[in-house]
Amino acid sequence: MAPAVAVPPADPLAGPTPPPVVVRYRDPAGRTTLTLRAPVWHEGAWCTCFDRTFVAGAGRLPPHRHDSATETFFVRAGRVRYLRGGRLLTAGPGDVVTVDPGTVHIDPWATREGPAELTVLLRPADPTWLDFGLRLGAAICAGKLNRHGQMPLLALMDAVHRSGADVAAAGLPGGLQRRVSTPLLSRLHRVLGGGS
């Protein structure tokens, strides 16, 4: 008997009618873009869909997890590094990276070799992901990013808290983060002048 071969998920943008672009955000410094797309029906469920681009070396986030969401990355161009389950891995054009709920990971980021383009699906689709994407987009347009082309940690935690997105730091219980640490970091962000 031949061993089972994992079949990568179908590309949501490859069909005759890919999910339309809702809004595109560009960093004034050119480090990153974020494109929010309409939700897409993908492999039996509705998914939030967006595209990310990063210049060489940009896009790295802290380790985190999603307690209820599956995250799938389609690498469109460039080479990326990512962390999944404690392993540092590399992917290139045509590769698909899937992160199951509860898995500690770092989203793919562009290697120093050159820029990268990704399509990201978050399943199940949830209005909190759209709200989070809009907050990220506002930070991108305002150029309020760190050297990795991402929101600084306090701003990121404020966006997570305000949107209710399923994002948790790697080491703490989810309930403790939702009730204590994330609201505290969000408040600290506002106290330090990061927004109201």
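Which residue in strand 8 does F74 stand opposite? Select F74 and look across to strand 8: the residue there is V96. Strands here are DSSP runs of E with at least two residues, helices are runs of H or I with at least four, and both are numbered from the N terminus.

The model is predicted, so local features need pLDDT of at least 70 and side-chain atom pairs count only at pLDDT 80 or more, while totals for chains, interfaces and linings use all residues. Residues are numbered from 1 along each chain as its sequence is written, and side-chain values use heavy atoms, with hydrogens and water left out.

Next, select residues 70-77, which are strand 5. Four bridges join strand 5 to strand 8, and the two run antiparallel; strands count as paired if DSSP finds at least two bridges between them.

Now go to D166, in the loop between helix 2 (153-163) and strand 11 (168-169). D166 is buried, meaning under 20% relative accessible area with a 1.4 Å probe, protein chains only. D166 has no salt bridge, defined as a side-chain nitrogen of Lys or Arg within 4 Å of a carboxyl oxygen of Asp or Glu. The nearest side chain of opposite charge is R178, 5.7 Å away.

Show the backbone nitrogens around D166. That of D67 lies 2.8 Å from a polar atom of the D166 side chain, and that of A69 lies 3.0 Å from such an atom.

Terms used. Buried < 20%, exposed > 50% of the residue type's maximum accessible area, 1.4 Å probe, protein only. Lys, Arg positive; Asp, Glu negative; His and termini not counted. Polar contact = N/O pair within 3.5 Å; in protein donor to acceptor, adjacent residues only side chain to side chain.
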